[in-house]
Amino acid sequence: MKLQRKNRVRALAVGALAVSGALALTACGSDDASGSSGSGTSAKPASIKCEGKGKLLASGSSAQKNAMDVWVQNYSGVCKDTEINYQDPGSGAGITTFLQGQTAFAGSDSPLKPEEVEKSKKVCKDGGQAINLPMVGGPIAIGYHIPGVENLVLDAPTLAKIFDSEITNWNDAEIKKLNPDAKLPDLKIQAFHRSDDSGTTDNFTKYLKGAAPDAWKHEPAKTWEGKGGQAASGSAGVAAQVKQNAGAISYFELSYATAGKISTVKLNTGAKEPVEANVDNASKAIAEAKQVGKGNDLALKLNYTTKAEGAYPLTLVTYEIACDKGNKAETLAATKSFLTYTASADGQNALKALGYAPIPTEIVEKVRKTVASLS
């Protein structure tokens, strides 16, 4: 049954992508690699330069799956000799597969740990190692299903208590205080978390730890550490549970909420007004990120405690992980070609219609230079 639910939500997402992907192609198809407007007659993004051929295997983050679907569709429509197969078992599984040498690159919603970088030196030849390339940004939506409640405001401490089974009913006094005008029912909270190792979980718990350290006692991790709750696999899996169960709440990338028509929480950050989970608000928060990776490693540190007006701090950045040197000769050209497209103005412009936030210019320009230097 769990697999059937996952497939139903994935079908919803794909249906939405068919429309938004077509819009993205129409919108960015006339742009050149710098994002300037052309004649509007070409359906081919100018930034796609076909290099290499054969099959390109990659896996990892489910949060970026909807973006990857459109990127692969756009790229494969131009580069007929390259077959790109991206699977989304989650960030942890994607990193594991990459470190076993089975994929050309991995997608992860968290940067590599030092021990993972060390392991990568066995896969990346010629003295190379794996690096983090930020490619997709966006809000982590808190989706909920409360009959009769269309606008729900929560803050970090309350979220921490909900997901740690400290608050168990929707008419709890702390939730009422944040929502004085809402008709909150006497209904049990069903908090769903990811069953798989997940970069989205890692980012969500980093937010809880960073913004509400007194309420969230667990260390951030890809594996769920909170007390109680129920589990489902992948972003599609937890989104399906929220859609189907009254009283449910969970966390997932915004496009799953959009595709499933799931209501999302506004965050009380201490700004004048609660902040909605949307692309523009996520971009404001990501713009405050600091690079903490060294050299070609472009790992970022997000500011989870921002009180800037309109900044939605519960965001994630998905990294494509590849070797800086020593990539497999048979996949190097296609990997560079594909990642050059995803980091281009065309590739990034295609994200917004899907509910993702393009990587800020200052950062993505570094990504483009680094992708060009892969060897």
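**Helix packing and buried residues in a predicted model**

Q: How do the axes of H2 and helix H11 cross?
A: In this predicted model, the axes of H2 and helix H11 (residues 329-343) cross at roughly 115° and come within 11 Å. That angle makes H2 roughly perpendicular to H11.

Q: Is that crossing left-handed or right-handed?
A: The crossing of H2 and H11 is right-handed.

Q: Which residues make the contact?
A: From H2, the contact is made by Met68, Trp71, Val72, Asn74 and Tyr75. H11 contributes Ala334, Ser337, Phe338, Tyr341 and Thr342.

Q: And how do the residues of that contact divide into nonpolar, polar and charged?
A: In the contact of H2 with H11, 7 residues are nonpolar, 3 are polar and none is charged.

Q: Let me pick out Phe338. Buried or exposed?
A: Phe338, which lies in helix H11, is buried, with a relative accessible area of 0%.

Q: What is Phe338 in contact with, leaving aside its neighbours within four places in sequence?
A: Phe338 is then in contact with Leu56, Met68, Trp71, Val72, Tyr75, Ile84 and Phe105. Met68, Trp71, Val72 and Tyr75 are also among the H2 residues that make the contact with H11.

Q: How many residues apart in sequence are Phe338 and Leu56?
A: Phe338 and Leu56 are separated by 282 residues in sequence, with their C-alpha atoms 9.6 Å apart in space.

Q: Back to H2, then. Where is Asn66 found?
A: Asn66 is found in helix H2, which covers residues 65-78. Asn66 is buried, and its relative accessible area is 2%.

Q: What share of the contacts in the protein comes from residues 24 or more positions apart?
A: Among contacts with a separation of 6 or more, residues 24 or more positions apart account for 75%.

Q: Changing topic: at what angle do H5 and H7 cross?
A: The axes of helix H5 (residues 156-163) and helix H7 (residues 199-211) cross at roughly 125° and come within 9 Å. H5 and H7 are therefore oblique to each other. H5 passes H7 in a left-handed crossing.

Q: Which residues are involved in that contact?
A: Ala156, Leu159, Ala160 and Phe163 of H5 make the contact with Phe204, Tyr207, Leu208 and Ala211 of H7. These residues divide into 8 nonpolar, no polar and no charged.

Q: How many of the residues of H5 are buried?
A: In H5, 6 of the 8 residues are buried, so this helix is largely enclosed by the rest of the structure. The buried residues are Ala156, Thr158, Leu159, Ala160, Ile162 and Phe163.

Q: And how many residues of H12 are buried?
A: Helix H12 (residues 345-352) has 6 of its 8 residues buried, so H12 is largely enclosed by the rest of the structure. Its buried residues are Ala345, Asp346, Gly347, Gln348, Ala350 and Leu351.

Q: What about the protein as a whole: what percentage counts as buried?
A: Of its 375 residues, 55% count as buried. The protein has 13 helices and 13 strands.

Q: Where is the place of Ser165?
A: Ser165 follows H5, in the loop between H5 and helix H6 (173-178). Its phi is near 60°, a positive value in a residue other than glycine. Ser165 is partly exposed, with a relative accessible area of 35%.

Q: And what is the phi of Lys261?
A: Lys261 has a positive phi of about 55° although it is not a glycine. Lys261 sits in the loop between helix H9 (254-260) and strand S9 (263-264). Lys261 is exposed, and its relative accessible area is 77%.

Q: Last topic, confidence. What is the mean pLDDT of the protein?
A: The mean pLDDT is 88, and 88% of the residues reach 70 or more.

Q: Where does pLDDT stay under 50?
A: It stays under 50 over residues 1-43. For that stretch, the model has 59 contacts beyond four places in sequence.

Key: Residues are numbered from 1 along each chain as its sequence is written. This is a predicted model: local features need pLDDT of at least 70, side-chain atom pairs count only at pLDDT 80 or more; totals for chains, interfaces and linings use all residues. Side-chain values use heavy atoms; hydrogens and water are left out. Buried means under 20% relative accessible area, exposed over 50%, partly exposed in between (1.4 Å probe, protein chains only). Helices (H or I, at least four residues) and strands (E, at least two) are DSSP runs, numbered from the N terminus. pLDDT is the predictor's confidence in each residue, from 0 to 100. Contact means heavy atoms within 4.5 Å. Axes are lines fitted to C-alpha atoms, for helices over the stretch in contact, and angles run from 0 to 180 degrees between N-to-C directions. Angles under 35 degrees count as roughly parallel, over 145 as roughly antiparallel, 65 to 115 as roughly perpendicular and the rest as oblique. A crossing is left-handed if the near helix is turned anticlockwise from the far one by less than a right angle, and right-handed if clockwise. Ala, Val, Leu, Ile, Met, Phe, Trp, Tyr, Cys and Pro count as nonpolar, Asp, Glu, Lys and Arg as charged, and the others, Gly among them, as polar.
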